[in-house]
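I have a new structure open and my notebook beside me. Come along while I look up a few places, one entry at a time.

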Amino acid sequence: MTRIATFVCFFVFFGIQVFAQPFKFAHVTDTHIGGETAAEDLRRTVLDINLNPEIKFVLITGDITEFGSDEELLLAKQILDSLTLPWYIVPGNHDANWSESGGNSFRRVFGAETFEFKYNGYQFMGTNSGPNMRMSPGQVPRENLVWMDSIFNAEPDSKMPLIFINHYPLDSELNNWYEVIDRLKTRNIQLALCGHGHSNRLMDFEGIPAIMGRSNLRAKDSIGGYNIVTIKNDEATYKTRIPSMTTKEPWASVRLVNHHFDQEQASWSRPDFSVNERFKNVSVSWKFQDDSDLGVGLAVYKNTAITANTKGEVYALRLKDGSKKWSFQTNGKVYSTPAVSGNYVVVGSSDGNIYCLDARNGKEVWTYETEKAVLGSPFIIQKTAYIGGSDGHFRAFDLKSGTLKWDFDRVENFISSTPLFYNGTLYFGSWGNDFYALDAITGAVDWKWDNGSTNRMFSAAAVVPVEANNRVFIVAPDRYMTALDASTGEVIWREKKDSSRVRESIGLAEDREKVYVKTMDGDLLGVSTRANNMEIVWESELDLPYELTPSAIVESNGLVFVPSHSGLLSAVNADNGGVEWQYKISNAMVNPIKPFGKDKVLVSSMDGTIFCLKYH
């Protein structure tokens, strides 16, 4: 360390105000590579930055791609590699929510999904923001929070000014905004930077000054743009730069000071868990907290619950107390809900492999390597395991030996959900707007249906289809509910109602007379499985806030279990629609729910929380 650097660090450490040498950096965000003009817009920005010797580094704050595909990520990396100065990057929701690799390719292509570095007396820290693979508000992954803790613990007494970077604003658009802010407030946090909103905006997150940067896309202009940030005399000044044309006048200026949040007594809004005191007919049998995210549901095998996390670990918890019995490590994030039959458990991993493990001890029975990530969840019946991947394949395996029975290789884009098995046919959607019906014995196409959209994000890919009365029911992000003839694929009805804006969460009633749908307005409805239109025959008194989670609705023993994107599980009476009880396990998205026995339910959320609840 030089004498000057030592001198500056001494004064920063002891809290004596020292003006760092002025410097400039570029803030580039929301490049959306894959969009019509995105690559050209980014190339122009990169060239412009390279021609400016005053810029010292570049911060790129998410939504690097439009759809998170490997092709888009590689193109973005190729363009950014043309930068002649250091650059630091984090993913956004477009890179994570629709990623064919389960987020693995972002880490592989760019090296990490977080960054931390120091420059001229300032610490810069950036994290992922999700949502990962399934629609909900954003969420800084649990493993990123653990990473933040490790960075802070390495310098427990540091007073170095901190600038935090995320794609999302640090507000309720992130389910766990408060967990991030509470950590930042233990440090000398002076500024937060974000993207996501595609516009220049001065913001405030519980007293933390913040700036949202404009998208690099041209939108309605002829040329896109970015921001040049100047740090001088403890002040950050933002100027919009139109590449090769002009640098505009400053539009934002923020004083960079120590806010001493550790001494603050103000009470900020936090998630309300008081609902857990209202209902006395539900209690906690046990709780397990993973140190990583959970993006899957749970399977029950004898006296254990089997699940998997985004560290790539498949593991079993004892049902009596939630203690871990065994674990098996894959080499990629897991977004595939395990399926169990006999003593076998099958699961896919974003490392590109399909695994069959011994459900008793987690030992590997067989493995099948595919060409890309396996994000689809398996379905097992008659000693055959069915599962779809990201390589355009849907496969059938002999459960015991792992022998490939058949391979359907014409799936458009990738699969991320669980297939429906009905009358010898498998039904599933993909992120290519197509919905497939395959013969379960041969893998031959019985029929294929196209929703008619050119927007892949409107695909019926996250929904778990349900069937009744020779009809298959699906919902999608385009807010349509569709009933298809199970034999022919003909549309029986397809409706979009403003009064019931359905999304991707449905479930079948035990009497098979209605399909439960959850609307974006938080209503729970029952739609007739026999009518020739979207006839609502049942309505619950449940009234949730704005709601997005695609996790399936499940009825068991007369109770309808309804997930939410804010950690709330609701149990509704299937007869009269009344709310029997509710329990909030966290503030993150609820994963697929697993009732078991007569009075217990396993429920997990994306932030790594698992509860076993007992009710009466």
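**Entry 1**

I started at S244, which lies in the loop between β11 (235–242) and β12 (246–247). Strands here are DSSP runs of E with at least two residues, helices are runs of H or I with at least four, and both are numbered from the N terminus. I looked up the backbone of S244 and found phi near 65°, a positive value in a residue other than glycine. Most residues other than glycine have a negative phi, and most peptide bonds are trans. Is S244 buried or exposed? S244 is exposed, with a relative accessible area of 59%. For these words, buried is under 20% relative accessible area, exposed is over 50% and partly exposed is in between, with a 1.4 Å probe and protein chains only.

A note to myself on the source: this is a predicted model, where local features need pLDDT of at least 70 and side-chain atom pairs count only at pLDDT 80 or more, while totals for chains, interfaces and linings use all residues. Residues are numbered from 1 along each chain as its sequence is written, and side-chain values use heavy atoms, with hydrogens and water left out.

**Entry 1: the loop between β32 and β33**

Next I went to R479, found in the loop between β32 and β33. Phi of R479 is near 75°, a positive value in a residue other than glycine. I noted R479 as partly exposed, at 29% relative accessibility.

D478 lies in the loop between β32 (471–475) and β33 (481–485) too. D478 is buried, with a relative accessible area of 7%. Which residues does D478 contact, once its neighbours within four places in sequence are left aside? I found N451, F458, R494 and K496, where contact means heavy atoms within 4.5 Å.

G126 is in strand β5, and I read its relative accessibility as 0%, which counts as buried. Not counting residues up to four places away in sequence, G126 touches V90, T114, F115, W147 and I165.

I then followed the loop between β5 (122–126) and α6 (142–154), where G138 is found. G138 is buried, at 0% relative accessibility. With residues up to four places away in sequence not counted, G138 touches S129, G130, P131, Y168, E173, L174 and N175. G138 and S215 are 77 residues apart in sequence, and 18 Å apart in space from C-alpha to C-alpha.

P131, one of the residues touched by G138, is in the loop between β5 and α6. What kind of peptide bond joins G130 and P131? I found a cis bond there, with omega about -10°.

**Entry 2: two helices side by side**

Two packed helices are described by the angle between their axes and the distance between the axes. I looked up helix α2 (residues 38–50) and helix α3 (residues 70–80), which pack at an angle of about 20° with their axes 9 Å apart. Axes are lines fitted to C-alpha atoms, for helices over the stretch in contact, and angles run from 0 to 180 degrees between N-to-C directions. That makes α2 roughly parallel to α3, the word for angles under 35 degrees.

On one side of the contact I listed A39, L42, R43 and V46 in α2, which meet L75, Q78, I79 and L80 in α3. These residues divide into six nonpolar, one polar and one charged. In this scheme Ala, Val, Leu, Ile, Met, Phe, Trp, Tyr, Cys and Pro are nonpolar, Asp, Glu, Lys and Arg are charged, and the others, Gly among them, are polar.

**Entry 3: two open sheets**

My last stop was the sheets. Four strands form an open sheet in the order β15-β16-β17-β18, with antiparallel pairing; two strands pair if DSSP finds at least two bridges between them. β15 (299–301) and β18 (324–329) stand at the edges with a single partner strand each, so one side of each has no neighbour in the sheet. The twist averages 20° from one strand to the next. Strand β17 (residues 313–318) pairs with β18 over five bridges, in the antiparallel sense. I picked out Y315, whose bridge partner in β18 is S327.

Another open sheet of four strands has the order β23-β24-β25-β26, and its pairing is antiparallel. Why is one side of β23 (379–381) and of β26 (404–408) left without a neighbour in the sheet? β23 and β26 stand at the edges, and each has a single partner strand. On average, neighbouring strands of this sheet are turned by 15° against each other, direction ignored. β23 pairs with strand β24 (residues 384–388) over three bridges, in the antiparallel sense, and I380 stands opposite A385 in β24.

Terms used:
Angles under 35 degrees count as roughly parallel, over 145 as roughly antiparallel, 65 to 115 as roughly perpendicular and the rest as oblique.
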